[in-house]
Each structure stands twice: as structure tokens, then as C-alpha cells.
Amino acid sequence: MDRKIPSDEEVKEAIRYVVKTRKIVESQEELCELALRFLRKKNEKYVLSPLRAKRIALSIPEIEVKAKTKKVPQVEKIERCPICDSDIVPIKVKNLLNEEIIIGYRCTSCGYQSDLEAFIPMKYIFLWKEK
């Protein structure tokens, strides 16, 4: 089966169209399916993964991405943001003995935060921002 990968600009156009017309898309799988339907009007051999659709949607300023999360106890050090794959920095405070302790982690890009019992994304929601 021949497959063709659409450019980032084509995917952005498709995602913008889908989210703007629907106002809300309930999952990254649904976003991928709807964007792919739009893209296949141009070329029926186009393919798109839900992960790529989510990453491109995060780069579109008119789209707000929210994550529904679940709690996972005892998370080891998080290296990358589970939402946008950017760098994570520790949130530190000083205790009564003036020692720095890590109380959680924060994303440098999208604002994701978690405590030491991390909230791991289960589902993404994509919203069109009205101006």
C-alpha cells in the first residue's frame, strides 16, 4: 500500500478547519480521524498519526489543548512533558532545615504541572479559542 505523509502546513490547515468548524474535539484519535478525512480529499494516500496530530495542534495558537488526567502514585523523575514533549523543570521549595526539596514538576512550554503523585494525561480535548 502506497502511503504519503502530508506536510506540517497541510496538517495545520486541516486541524484548524476541523476544530474551527466543530469548536470542540473530544480526543486526539477523533482529531486525527477528522483531519485525515479532510486531508484525503486532496490525496487519498495521506496518512496521519494521532500523536503527530496532537503535536501539530499544540503549535496552533488558536487551539487550546486540555488534558484529562489520572493520578499515578510515586512517579520517578519526569524528563519530558507528557503533553507537549518539552523540557520539565522541578518545582523546589526549602523546608524548615533550609534544604531544597522537590515537590513537583512543571513544563517550560505548556504549563503542565504535577506533584510527586503525577497526573498522567489520559485524554486530550481540543478547543477553538474565540477572539
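Helices (H or I, at least four residues) and strands (E, at least two) are themselves DSSP runs, numbered from the N terminus.

What we have here is a predicted model, in which local features need pLDDT of at least 70, side-chain atom pairs count only at pLDDT 80 or more, and totals for chains, interfaces and linings use all residues. Residues are numbered from 1 along each chain as its sequence is written, and side-chain values use heavy atoms, leaving out hydrogens and water.

Is V93 buried or exposed, or partly exposed? Buried means under 20% relative accessible area, exposed over 50%, and partly exposed in between, with a 1.4 Å probe and protein chains only. V93 counts as partly exposed because its relative accessibility is 34%.

Now let's go inside. A nonpolar core is a set of buried Ala, Val, Leu, Ile, Met, Phe, Trp, Tyr and Cys residues joined through side-chain atoms within 4.5 Å. The largest one here has 31 residues, and I15, V19, L31, L48 and F126 touch the most other members. Two or more residues each come from α1 (8–22), α2 (28–39), α3 (50–58), β4 (100–107) and β6 (119–128). α2 gives the largest share, 7 residues. In general, nonpolar side chains tend to be buried together in soluble globular proteins.

Last, the charges. A salt bridge is a side-chain nitrogen of Lys or Arg within 4 Å of a carboxyl oxygen of Asp or Glu, and by this rule the count comes to 12. In helix α1, K12 and E9 sit 3 residues apart, about one turn of the helix, and their side chains meet in a salt bridge at 4.0 Å, N to O.

A second bridge joins E26 and K123, at 3.9 Å, N to O. E26 lies in the loop between β1 (24–25) and α2, while K123 is in strand β6, so this pair ties together parts that are 97 residues apart in sequence.

Finally, look at R80 and D87, whose closest N and O atoms are 2.5 Å apart in their salt bridge. Both belong to a network of salt bridges that links R55, R80, D85 and D87.
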